[in-house]
Amino acid sequence: MAKQMNKVQIIPLGGLGEIGKNMTAFRYADDIILIDAGLMFPEDEMLGIDLVIPDFQYLIDNKEKVRGIFITHGHEDHIGALPFVMKQIDCLVYGTPLTLGIVKSHLEEHGISDQNLVTIKPGDIINAGYFRMDFMRVNHSIPDAIAIAVNTPIGTIIHTGDFKIDHTPVDGQVTDFSKFADYGDKGVLCLMADSTNADRPGFTPSEKEVGKTFEDEFRYAKHRIIVATFSSNVHRIQQVINTAVKYGRKIAVLGRSMVNVVNIALELGYLQCPEGQMIDIDETRNYTPDKLVIITTGSQGEPMSALTRMSTSDHRKVDICPGDTVIISATPIPGNEKLVSKTIDNLIKLGADVIYEKSNGVHVSGHASQEEMKLMQNLVRPKYFIPVHGEFRHLVKHAKLAESMGVPKENIVIGENGSIIEMTKDDIRIVGKVQSGRILIDGLGVGDVGNIVLRDRRQLSQDGIMIVVVTVDSEDCHVIAGPDIVSRGFVYVREAEGLMDEAKEKVQIALDKCEDQGITDWATMKGMVRDSLGKFLYEKTRRRPMILPIIMEV
């Protein structure tokens with residue numbers, strides 16, 4: 001134990017080498033705290049998967065040591081895995097009011113009590129075992145975002161969370177520069193900083209710049225205005241409300257997540273809207289189009305989102321009309337570009353005027369660019385540096401940026417998920433690895449879909465399936481009925497009768513061979529049918545459908 005007492009271990013379980021599922025454990029002696037518990041959305045090849053969360057087996061194995069979970073802000077990539085973690089680990093969860101308001105709605109969906117949630121605010125101090133947590137305000141694309149100073153017996157580690165430096169934030173709550181500078185003056189052992197925009201030079205524009213663009217678009221719009229953005233971007237929603245009020249337009253909110261967050265933000269006072277200005281979507285028919293603004297989900301072209309359904313004339317309550325102005329106030333997340341482009345095309349076909357380019361000023365990032373990252377380095381002046389929250393190229397870019405600011409190369413560690421980064425007052429290095437990776441959520445199933453199931457789904461999606469049904473005598477395995485072949489997703493049977501007849505012949509030959517050789521083992525028979533039919537189909541079609549032999553006994 002004495003040997004353990006002079007070092008801190010930082011164990012990222014998600015968020016390194018990827019965008020999303022941010023989760024980092026800190027360990028000193030027998031105390032563990034966790035910062036964030038996020039998810040990421042599935043990649044294209046993850047067929048049928050709903051969500052992806054980090055593998056947190058390390059925390060389950062050490063759950064009696066976990067002293068608390070601390071959430072930096074309310075985005076899904078920081079809170080989305082929390083219900084799954086809370087089902088396994090019983091400890092207090094700390095967050096700011098808006099963050100916990102959104103968390104509560106997630107817990108309700110999972111049937112989890114909110115009794116372990118503890119509301120904190122910037123400036124509060126929480127003791128969690130050997131750790132003393134100090135919360136500092138930062139700006140991001142959602143209100144109530146915080147950075148955390150993790151004070152340990154060997155020094156202070158500052159985790160920025162997601163941040164940008166906005167000198168004119170919508171709510172007037174500026175980043176707590178003095179607190180960061182105070183820690184810098186006292187001495188910071190390690191800085192862990194958001195790397196998402198590490199490859200972008202300059203400064204990230206202020207959120208208020210988007211408000212100026214809204215002013216221009218609202219001023220000249222002659223018909224209805226529809227604004228699509230992230231439901232969590234409360235500051236942007238506030239600017240839409242402010243501009244709608246200025247131009248005498250009523251506001252309706254559409255999309256389940258949007259309605260949910262807007263209601264929470266209004267209830268907690270993070271959104272201000274004059275009484276009577278916000279109406280139900282059903283009431284919009286009582287107003288002329290030039291008196292309406294609809295705030296909706298669907299900025300990423302999600303197939304089931306409100307905006308996407310509007311673009312395909314499939315929404316029950318809103319139809320796009322010629323002359324409507326649609327503002328897509330977001331940039332596509334990597335991988336969503338095709339979905340967004342298709343939605344834009346469909347909207348334009350319906351006669352809408354679509355404003356979507358970032359160059360038009362309808363979106364700004366919530367993450368720091370290079371000059372803001374440099375400012376954070378200068379404020380904190382850490383001994384060690386660990387870039388976090390980004391793909392590998394972002395981490396490397398941020399590491400080089402820190403090196404250019406005077407952090408020695410040997411004091412910078414680029415980790416990966418599962419790395420055990422061990423830190424003393426004199427040294428920082430990777431000393432091992434814990435189990436890490438991803439858990440796939442499919443419907444109510446948690447982790448029951450793995451690589452083998454995904455491989456099967458990919459094969460089914462590419463070449464389809466052929467089911468071979470045979471009935472055999474239980475005594476000598478002589479074929480009594482069949483073989484019958486059922487095809488799905490491989491060929492259209494009515495137009496490929498010749499191929500199917502030949503396929504049956506190949507199966508019959510394989511079964512005859514089994515009978516001649518006295519083979520009665522079903523697994524061997526199925527294998528011979530699968531091999532014979534698979535080889536024949538590939539020669540004929542250059543496709544490899546999944547072949548599923550079914551042998552029945554009578």
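Biologist: How do you know which classes of residue line the second largest pocket?

Modeller: Its lining has seven nonpolar, seven polar and three charged residues, where Ala, Val, Leu, Ile, Met, Phe, Trp, Tyr, Cys and Pro count as nonpolar, Asp, Glu, Lys and Arg as charged, and the others, Gly among them, as polar. Keep in mind that this is a predicted model, where local features need pLDDT of at least 70, side-chain atom pairs count only at pLDDT 80 or more, and totals for chains, interfaces and linings use all residues. Residues are numbered from 1 along each chain as its sequence is written, and side-chain values use heavy atoms, with hydrogens and water left out.

Biologist: What volume does the second largest pocket have, and which lining residues are closest to its centre?

Modeller: About 310 Å³, taking volume as the space filled by probe spheres set on grid points joined across faces, edges and corners. Pro143, Asp144, Asp171, Gln173 and Tyr270 are the closest to the centre, out of 17 lining residues.

Biologist: Why is one space called a pocket and another a cavity?

Modeller: On a 1 Å grid over the protein atoms alone, a cavity is a set of points where a 1.4 Å probe fits but cannot get out, while a pocket is an open set with protein on both sides within 12 Å along at least five of seven lines; lining residues have an atom within 4 Å of a point. Searching the whole structure for cavities of 30 Å³ or more turns up two.

Biologist: What makes up the lining of the largest cavity?

Modeller: Asn139, His140, Ser141, Lys164, Asp166, Pro169, Glu207, His235, Ser365 and Gly366 surround this space of about 60 Å³. By class that's one nonpolar, six polar and three charged.

Biologist: And which strands supply the lining of the second largest cavity?

Modeller: Strand E1 (8-14) and E2 give at least two residues each. Pro12, Met23 and Val388 are among the lining residues, and the volume is about 30 Å³.

Biologist: Why are E7 and E21 called edge strands?

Modeller: They belong to an open, mixed sheet of eight strands, ordered E7-E6-E5-E3-E2-E1-E20-E21. Strands (E, at least two residues) and helices (H or I, at least four) are DSSP runs numbered from the N terminus, and two strands pair if DSSP finds at least two bridges between them. E7 (117-119) and E21 (428-433) each have a single partner, so one side of each lacks a neighbour in the sheet.

Biologist: How do you know that E2 and E3 pair?

Modeller: Five bridges join E2 (residues 23-28) to E3 (residues 31-35), and at least two are needed, so they count as a pair. The two run antiparallel, with Ala25 opposite Leu34 in E3.

Biologist: What about E13 and E17: parallel or antiparallel?

Modeller: Parallel, with four bridges between E13 (residues 225-228) and E17 (residues 325-328). Thr325 is the bridge partner of Ile225. Their open sheet of six strands reads E15-E14-E16-E13-E17-E18, where E15 (278-279) and E18 (353-355) pair on one side only.

Biologist: What makes Asp134 and Lys179 a salt bridge?

Modeller: Their side chains meet at 3.0 Å, N to O. The rule asks for a Lys or Arg side-chain nitrogen within 4 Å of an Asp or Glu carboxyl oxygen, so the pair qualifies. Asp134 sits in strand E9 (residues 131-137) and Lys179 in helix H5 (residues 177-186), so the pair ties together parts 45 residues apart in sequence. The structure holds 20 salt bridges.
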